[in-house]
Number of protein chains: 2
Amino acid sequence: MNRVTAFGWVPSFAQGSVRDLRVRWALEEAGVPYGDHLIGPEDQASPAYRALQPFGQVPVYRDDKVQMFESGAIVLYIAQTSDALMPTDQAGRAMVMTWLFAASNSVEPMVGELAGMDLFHAGEDWVAARRPQVETMLRKRLADLQSALGERNWFANDVFSAADIIMTAVLRDLRHTAILADYPALAAYVARCEGRPAFRRALADQLAPFRAAEASQPELAGR
Amino acid sequence: MNRVTAFGWVPSFAQGSVRDLRVRWALEEAGVPYGDHLIGPEDQASPAYRALQPFGQVPVYRDDKVQMFESGAIVLYIAQTSDALMPTDQAGRAMVMTWLFAASNSVEPMVGELAGMDLFHAGEDWVAARRPQVETMLRKRLADLQSALGERNWFANDVFSAADIIMTAVLRDLRHTAILADYPALAAYVARCEGRPAFRRALADQLAPFRAAEASQPELAGR
């Protein structure tokens, strides 16, 4: 059985953002059955888990052929073994890799810096000076991204692919802000991706253990 | 002929860091001949170049089969077509992808945030508060990274691979600091990678046009 590690519970700001979502979504699109293995803070710190994931994060992915970490790598691996997430021609596959890395290395660092300030450092003095700089850089990047998407529905080859999974996951991390509304084609793109049945199943499956934990430990709810 | 875009000249802080270096290094390791196509600020802003690279950056890579951007994607593509940069078994290839993404998405954002402060925002008030936070996070990540490397020489499968190209390029962006000296196994790893003839050729080939530009326009030298 294919296995993905995920958290048993996370605070509300992280619910729907933890990176096992990306892998769950890819597996759902590819029609690959899998099970999740829920972990907690004690596992994250354990030498046994660190041997699988050196930073103590999720997800770790295992099937009968490979053992991996890094959601971008796992999604790309799943895509390489499924025609649901990548075309078969080399030029098309290269374009999927290009856009998957663009999401991961050219968009996510800016989104992450902004979200990190809002979620972990709100109210600190330095944020008042830094946040406008980051938002300006990010808006320039989003404008370029929207131009690149143009009239198309999907980033690589205008066919839904693994690149859209990572790009959507990255852009969703702006949902605590109103920024994306200023880039209507990107907002529509994210909505289009979030409307896919595979995304909705993946999101529900990430959230289900959080709801169960909150039902059995009511002090967790709303945190 | 395989082609890589690169800059005709950049200021000294960026010399040896521009991302065509990663692609040049991969091509040198793979023994693939290539030519560079030097561009400048006017190209970066042109619609024709933006159609190839939506953010106006380098490198763009072209061969007779594909056209790509994003150095991580290009290096992975070159690795997939050469046994010099990736093993042939699926488990080994998955591990190369894992560590290449770890460099690109789990190490580079922290390195980039620190280097960005030092190179573009030195002396701004907010940096005094923020830089220690980022350095603390980065040092934790480097400690985990050093533990993961352990006694091995290379990150994936203990064989030099595409992952080491991206990891080294990322860690080299700390060379304006003394931080890496506190992680002696990582410092030795970077030195081992930088000692490879393919790296030295790639670096020399990135720097050659800068030296030529500075010879013909002496006002550029030392900037």
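B:Phe55 lies in the loop between α3 (47–52) and β3 (60–62) of chain B; helices (H or I, at least four residues) and strands (E, at least two) are DSSP runs, numbered from the N terminus. The model is predicted: local features need pLDDT of at least 70, side-chain atom pairs count only at pLDDT 80 or more, and totals for chains, interfaces and linings use all residues. Residues are numbered from 1 along each chain as its sequence is written, while chains are lettered from A and ligands numbered from 1 in the order in which they are written.

**B:Phe55**

- B:Phe55 is partly exposed, as 16 other C-beta atoms lie within 10 Å; a residue is buried with 20 or more other C-beta atoms within 10 Å of its own, exposed with 12 or fewer, and partly exposed in between, the C-beta atoms being placed from the backbone.
- Residues up to four places away in sequence aside, B:Phe55 touches A:Ser106, A:Arg141 and A:Asp144; contact requires C-beta atoms, placed from the backbone, within 7 Å.
- Between the C-alpha atoms of B:Phe55 and B:Gln44, eleven residues apart along the chain, the separation is 8.1 Å.

**Contact between chains A and B**

- Chain B and chain A each contribute to the contact, with 35 residues from chain B and 35 residues from chain A.
- On the side of chain B that touches chain A, two or more residues come from each of β4 (67–69), α4 (71–80), α5 (90–120) and α6 (125–149) of chain B.
- The most is given by α5(B), with 14 residues.
- That side of chain B comprises 18 nonpolar, eight polar and nine charged residues, where Ala, Val, Leu, Ile, Met, Phe, Trp, Tyr, Cys and Pro count as nonpolar, Asp, Glu, Lys and Arg as charged, and the others, Gly among them, as polar.

**Nonpolar core**

- The largest nonpolar core holds 120 residues, and A:Ala162 and B:Ala162 have the most contacts inside it; such a core is a set of buried Ala, Val, Leu, Ile, Met, Phe, Trp, Tyr and Cys residues joined through C-beta atoms within 7 Å.
- Beyond its neighbours within four places in sequence, A:Ala162 is in contact with A:Ala26, A:Val75, A:Leu76, A:Ala79, A:Leu85, A:Met86, A:Val96 and A:Leu100.

**Sheet of chain A**

- An open sheet of four strands in chain A has the order β2-β1-β3-β4 with mixed pairing; two strands pair if DSSP finds at least two bridges between them.
- Its edge strands, each pairing on one side only, are β2 (34–39) and β4 (67–69) of chain A.
- From one strand to the next, the twist averages 25 degrees; axes are lines fitted to C-alpha atoms, for helices over the stretch in contact, and angles run from 0 to 180 degrees between N-to-C directions.
- Strand β3 (residues 60–62) of chain A runs antiparallel to β4(A) and is joined to it by three bridges, with A:Val60 opposite A:Phe69 in β4(A).
- Helix α1 (residues 20–30) of chain A packs on the sheet and touches β1 (2–7), β2 and β3 of chain A, its direction making about 150 degrees with that of β1(A).

**Domains of chain A**

- Chain A is divided into domain 1 (2–84 + 198–220) and domain 2 (90–196), with bounds from an automatic or database domain assignment.
- The centres of domain 1 and domain 2 of chain A, taken over C-alpha atoms, are separated by 21 Å.
- Twelve residues from domain 1 of chain A and 15 residues from domain 2 of chain A make up their contact.

**A:Trp9**

- A:Trp9, in the loop between β1 and α1 of chain A, is partly exposed with 18 C-beta neighbours inside 10 Å.

How values were computed:
Contact = placed C-beta atoms within 7 Å.
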